[in-house]
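Please look at the sequence and the structure shown below. The paragraphs that follow lead from the whole protein to single residues.

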Amino acid sequence: MIAIPYLTALTTYFSYGLLFAFGQLRDFFRKFMDWSTSNNLHGYAPICLGLEDFYTRRLYLRIQDCFGRPISSAPDAWFDVVERISNDSNKTLRRTTNMSRCLNLGSYNYLGFAASDEYCTPRVIDSLKKYSPSTCSSRVDGGTTVLHNELEKCVANFIGKPAAIVFGMGYVTNSSILPVLMGKKSLIISDSLNHNSIVNGARGSGATIRVFQHNTPAHLEEVLREQIAEGQPRTHRPWKKIMVVVEGIYSMEGELCKLPDIIAICKKYKTGRGVCELLGVDTADVDIMMGTFTKSFGSCGGYIAGSKELIQYLKYTCPAHLYATSISPPAAEQIISAIKVILGEDGTNRGAQKLARIRENSNFFRSELQKMGFEVLGDNDSPVMPIMLYNPAKIPAFSRECLSQNVSTSNPYMFLDYSSPSSLVAVVTVAFPATPLLLARVRICISASHSREDLVKALEVISRVGDLVGIKYFPAEPNKQQPDEDLKKLN
């Protein structure tokens, strides 16, 4: 649970209240002035109604330049962001031909495979020439190539499961698999902060859904014990199936799942287990494992790994396998090649270096942010770092200022000699409805492709922007501006 500072919560509520009051007042006078004007919708109902329409007009449209920014390069440590302008107070945005070279702190490129790679890229190009960009068919209708079969074997071996099935979209993996595995007279117990794909998949399954407090094994046991004792609604018969669904790293919180404790509880009550293998847990203790290729592998799609019987059943019944176009062959080759690099099968130790660097980069960046006084969510070793903003006015302020900052001589790490004076930082801000109303944040994603100079440059910009918009909610440590020994060696 996030303990919101009292004054921060009060000012945030006041900001939203002020926005709502003045917005409603303006809407009232607009309706009063336009009461005689005909509102001809040509027989169509409005797309948005009520508070949804109010939120879109009065908040989202005013700051939409902070979202959906188009890029024109690979999402590497640095990328090109297309500049946009508006002539109608952000109601519409028009792209320009100008580009801004920005430090990328928003992409899921954890291991740095999203850009050109000396091992992966030539193989992907070769697969593109041989198989084309798409199979133009589902897996059962001519959409299975030797790459798809190789990928499934590769994933199963990598995960440590007997078999695996792959899909062309990570979101669809969860939303289509849960309705196949669960149904009426079944029970899904889900973490309260599970991804939207899990939520939609659970709803579409027709199963009864119960939610436990985020990452709280004790409450999970309480819910599980109660549901086993009571059974199905009305009839109180035993549940046909019970599935506990959790995530490995929660993408909006940056927290690691307490998987060992959760598995211990599930073993105690002899139920199904979660979907992610983390924290030294034996994969044999996880019945069904789901993951995406979108992040660490620099590709797209998702997978389910489990027993051979389970995977065979999914291949006969899952609509995402039967009807959706199969994963692109070059995307499949990218995943295979990335796994080989991680396992060292490319003949180098680059994979081990990437894994060590992402951990080192993540812990360094998190530690420095906390020393500066920011409220940072998540756990050590997690490359996802939400910095809490809270107040709605600070959402666009932080995003826009990061994209307009320049390195100054006041840089506390000024011993570094940058070849370019530009220090634009592209970040992702997240607000309602993706998060609760009071818990707006900026979500930082660290990559193994970031150099220490990149991280230091980003810290300098974020620190100054944090001072400017007032989001350093804790006192900074006295020695926060002293570089560590590794940084001194960079001079």
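The model is predicted: local features need pLDDT of at least 70, side-chain atom pairs count only at pLDDT 80 or more, and totals for chains, interfaces and linings use all residues. Residues are numbered from 1 along each chain as its sequence is written, and side-chain values use heavy atoms, with hydrogens and water left out.

The secondary structure comes to 15 helices and 12 strands. Helices (H or I, at least four residues) and strands (E, at least two) are DSSP runs, numbered from the N terminus. Among contacts between residues at least 6 apart in sequence, 68% join residues at least 24 apart; contact means heavy atoms within 4.5 Å.

We turn now to the strands. Strands of a sheet pair through backbone hydrogen bonds, either parallel or antiparallel. Here, two strands pair if DSSP finds at least two bridges between them.

Axes are lines fitted to C-alpha atoms, for helices over the stretch in contact, and angles run from 0 to 180 degrees between N-to-C directions.

A parallel pairing is found elsewhere. Five bridges join strand β4 (residues 186-191) to β6, and these two strands run parallel. L187 stands opposite I242 in β6. In strand β6 (residues 241-245), four of the five residues are buried, so the strand is mostly covered.

Helices also pack on one another. Helix α13 (residues 394-402) and helix α14 (residues 452-469) meet at an angle of about 145°, with their axes 10 Å apart. On the α13 side, K394, A397, F398, E401 and C402 take part, and they meet V461, I462, V465, L468 and V469 in α14. By class, this contact has eight nonpolar, no polar and two charged residues.

Two single residues complete the picture. S197 lies in helix α6 (residues 196-205). Why does S197 count as buried? Its relative accessible area is 2%. The side chain of S197 makes a polar contact with the side chain of H195 at 3.0 Å. A polar contact is a pair of N or O atoms within 3.5 Å; within protein, one must be able to donate a hydrogen and the other to accept it, and residues adjacent in sequence count only if both atoms are side-chain atoms. Not counting residues up to four places away in sequence, S197 touches Y171, N174 and S175.

H219 belongs to helix α7 (residues 217-230). H219 counts as buried because its relative accessibility is 18%. Its side chain reaches the backbone nitrogen of Q213 at 2.9 Å. Leaving aside neighbours within four places in sequence, H219 is in contact with V211, F212 and Q213.

Note on methods. Buried means under 20% relative accessible area, exposed over 50%, partly exposed in between (1.4 Å probe, protein chains only). Ala, Val, Leu, Ile, Met, Phe, Trp, Tyr, Cys and Pro count as nonpolar, Asp, Glu, Lys and Arg as charged, and the others, Gly among them, as polar.
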